[in-house]
Amino acid sequence: PHFGYNCFVYKRDAYPAYRLGHTCIGLQPISVTLVMNMLANATSFENLKEALTFHVGDDRVWSDTLFDSCHAYNERELDRLMKEIDTGPGQWILDGYYRARARWVIGACQNDAVRFFLRAVRKLGFNRFVSQRF
């Protein structure tokens, strides 16, 4: 088990309604973008967190994208698309993503003063703001 989503099953006839914008596949947060579309367009949704999935190889390319311009681009696309997609049923997914992302950004921060500031802002509930500071 791990945090995140990497296996998707959906009806083909629902896909044309998906709002994916120009999201880059293979980089964070493509999975959040897909799940939000699935929630908005599914007649029923089931989250199988215990499903067995595997990756061929373990290159973890996604883990090196924290400061990558494509990752930042995907973050902006996610924010833009979430204004177009009904996030009501999936707000918990977005909230969880931004909480995890904020922790990651703070952990990667090299400046002690900035890290202290970002932690304080995160504790006030501004995870989305902190998650976008990279």
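Reader: Is Glu77 buried or exposed?
Author: This is a predicted model, where local features need pLDDT of at least 70, side-chain atom pairs count only at pLDDT 80 or more, and totals for chains, interfaces and linings use all residues. Residues are numbered from 1 along each chain as its sequence is written, and side-chain values use heavy atoms, leaving out hydrogens and water. Buried means under 20% relative accessible area, exposed over 50%, and partly exposed in between (1.4 Å probe, protein chains only). Glu77 has 7% relative accessibility, so this residue counts as buried.

Reader: Which residue forms a salt bridge with Glu77?
Author: A salt bridge is a side-chain nitrogen of Lys or Arg within 4 Å of a carboxyl oxygen of Asp or Glu. Here the closest N and O atoms are 3.0 Å apart. The partner of Glu77 is Arg80.

Reader: How many residues apart in sequence are the parts tied together by Arg19 and Glu84?
Author: Arg19 forms a salt bridge with Glu84, with 2.5 Å between the closest N and O atoms. Arg19 lies in the segment before α1 and Glu84 in the loop between α2 (69-82) and α3, so the parts they tie together are separated by 65 residues.

Reader: What is the relative accessible area of Glu75, the partner of Arg101?
Author: Arg101 sits in helix α3 and Glu75 in helix α2. Arg101 is buried at 1% relative accessibility. Glu75 is buried too, and its relative accessible area is 2%.

Definitions and conventions: Helix = DSSP H or I, 4+ residues; strand = E, 2+ residues; numbered from the N terminus.
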